[in-house]
Amino acid sequence: FYIRDEDTGEFWSPMPGPVAAAVQHQARHGFGYSCFDSISQEVEQHVTMFVAQNDPVKIVRIRITNRAVRPRRLSLFGYQQLVMGTMPEFPSGIRTWILDGVVCARNDKAADFLGGIAFSFAVVSGTASEHVCCDRQIFIGINRSVRSPAALHQPVLDEACGADLDPCFARQVQFTLEAGNSFECDFVFGEALGEDELCSLIARY
């Protein structure tokens, strides 16, 4: 996960990696959840990670508070590489698509995992614009790493989706935060066993 200042282009992670800000990070772990707190660039960041008790769903909740005396234009980025029953170093049979803002992926060559549909979407507390990308080569870039992805040096994600890609889920949430105000975003990830369960889980979360 990354936070980017849209005015300066500077970016960092709200957790100790992959782009750790040079500040103190507090980590707390409880039964079924982990929390990370830090303040960087006059932005207070609180991250809570947990999984649903009865569903194959993971939620990463990020709350951003503007501690500056001026408005901030920021972007949140979430990135996950997709494997889904394959080896990352080999060509993938994973196909990605967008369904009403939900990014979905299926591997029709997944053998024992055939029929599973991975999905990702965001739930935000205020006004925001969203962009997605499902091509890891575009997001990370050639000869780059998660410490400095190519996509974080571009204004918005390029919306690449489909088959024959190096598959990933990447999402950008852009918003403006007034001084002293907070913005909350839930990044939701899961896997459904078919389209009926997919629709049910999306509606539930």
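Begin by selecting S34 in strand β4, the bridge partner of H29. This is a predicted model, in which local features need pLDDT of at least 70 and side-chain atom pairs count only at pLDDT 80 or more, while totals for chains, interfaces and linings use all residues. Residues are numbered from 1 along each chain as its sequence is written, and side-chain values use heavy atoms, with hydrogens and water left out.

Next, select residues 26-30, which form strand β3 and pair with β4 in the antiparallel sense over five bridges. Strands here are DSSP E runs of at least two residues, and helices are H or I runs of at least four, numbered from the N terminus; two strands pair if DSSP finds at least two bridges between them. Two residues lie between the strands of this hairpin, where G32 takes a positive phi near 90°.

Now colour residues 33-40, strand β4: six of its eight residues are buried (under 20% relative accessible area, with a 1.4 Å probe and protein chains only).

Move on to residues 43-51, strand β5, which pairs with β4 in the antiparallel sense over eight bridges. Select D37 and its bridge partner in β5, H46. In the turn of the β4 and β5 hairpin, Q41 has a positive phi of about 55°.

Finally, show the entire protein, with its two helices and 13 strands. Of its 205 residues, 48% count as buried. The C-alpha trace spans about 55 × 40 × 30 Å along its principal axes.

Definitions and conventions: Buried < 20%, exposed > 50% of the residue type's maximum accessible area, 1.4 Å probe, protein only.
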